[in-house]
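Please open the structure in your viewer and keep the sequence beside it. The tour below goes from one selection to the next and says what is found at each stop.

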Amino acid sequence: MHMIAVIAYDGISPFHLSVPCIVFGDDLLRLGAPRYELRVCAERTGAVSTLSGFAIQVEHDLAALEQADTVIIPSWSSPEAQPSAAMLAALQQAHARGARVVGLCLGTFVLAQAGLLQGRSASTHWAWADDFAKDHPEVKLDRHALYTDDGNITTSAGTAAAIDCCLHLIRLDHGAEIANRVARRLVVAPHRHGNQSQYIEMPLSETERPDAVSAALDWAMAHLNEPINVEQLAQKAHMSARNFSRHFKRKTGATVVQWLLHQRLAVAQRLLERGDGSIDQVAETAGFGSTVSFRLQFTRMFSISPASYRKQFLHREV
């Protein structure tokens, strides 16, 4: 029987702890596959506090990692929190003897601090990707992947991506059919299309201070459904096109073309999420020259089509 050890710690999120427990705790015998032996462990047995204010009772300590075939560290409390030496040593020893090691969401930070990700590919929650890249330049961070499989080390992006990652492991162990049946019982997609870039917040532009460039940006935001070029914006700012482009790049960090595309995609995301109009109408309202161009730019940016993106939010066929 394949044994999975899931590490709990004081202050853990009950949801993040429950993800591997739900996925791997399923009675796979009913589906025609051997079930896993699941053990939740911690540095000490007994009560472990949770982020939600209640405690859970843990019956196994880190010695469980010595026999585990797979070791999972759920999302860590924060990138700044330092794992104990005992936890890092247990992870290192498990990896050294050949166990499969998994870091879900911010659990990737713990694997990196244990030195297990050096030269490896890894993923983590997009909101902490910059922190991870800064703290662990030796790791090949994939900022877009929902999960990353690098041999005997697997890491995932945030929250729901942990479910994707666990289903991927079942797919490796028991095949696609069993993983699909587990997914159906959980009422989730067996395999989500696209990557986590589609979930990264793309806030609409906000003016930092009243100046000529900001006034031009405000005008552009109000006219995104119309053709806009540098000359028009420069005119609104009462500047030459060359002078405006220089000030614009200094203020936004992007060219006018890049900025306009970013804003139009952000508008399109919100329209799709609300189900406002057809794909053709969304393309027109967001200011894309054609529906073909809209589909191309949206798919290139988010690795998912506009129609598929909208289905994720509407929960119905469109």
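Does His238 count as buried or exposed? Select His238 to begin: at 73% relative accessibility, His238 counts as exposed, where exposed means over 50% relative accessible area, buried under 20%, and partly exposed in between, with a 1.4 Å probe and protein chains only. His238 lies in the loop between helix H8 (230-236) and helix H9 (241-252), and its phi is near 60°, a positive value in a residue other than glycine. Most residues other than glycine have a negative phi.

Before going on, note that this is a predicted model, in which local features need pLDDT of at least 70 and side-chain atom pairs count only at pLDDT 80 or more, while totals for chains, interfaces and linings use all residues. Residues are numbered from 1 along each chain as its sequence is written, and side-chain values use heavy atoms, with hydrogens and water left out.

Next, select Cys105, in the loop between E6 and helix H3 (107-113); helices (H or I, at least four residues) and strands (E, at least two) are DSSP runs, numbered from the N terminus. Phi of Cys105 is also positive, near 55°, but Cys105 is buried, with a relative accessible area of 3%.

Now colour the open sheet of six strands, whose order is E2-E1-E5-E6-E10-E9 with mixed pairing; two strands pair if DSSP finds at least two bridges between them. Strand E2 (37-41) and strand E9 (147-150) stand at the edges with a single partner strand each, so one side of each is left without a neighbour in the sheet. Inside the sheet, strand E5 (residues 70-73) and strand E6 (residues 100-103) run parallel and are joined by four bridges, and the bridge partner of Val71 in E6 is Val101.

Then select Leu65 and Leu91, which touch the most other members among the 66 residues of the largest nonpolar core, a core being a set of buried Ala, Val, Leu, Ile, Met, Phe, Trp, Tyr and Cys residues joined through side-chain atoms within 4.5 Å. H5 gives the most to this core, with eight residues.

Finally, show helix H5 (residues 160-174) with helix H6 (residues 176-186), which pack at an angle of about 145° with their axes 7 Å apart; axes are lines fitted to C-alpha atoms, for helices over the stretch in contact (heavy atoms within 4.5 Å), and angles run from 0 to 180 degrees between N-to-C directions. Among the residues that meet here are Leu167 and Ile170 in H5 and Ile178 and Val182 in H6.
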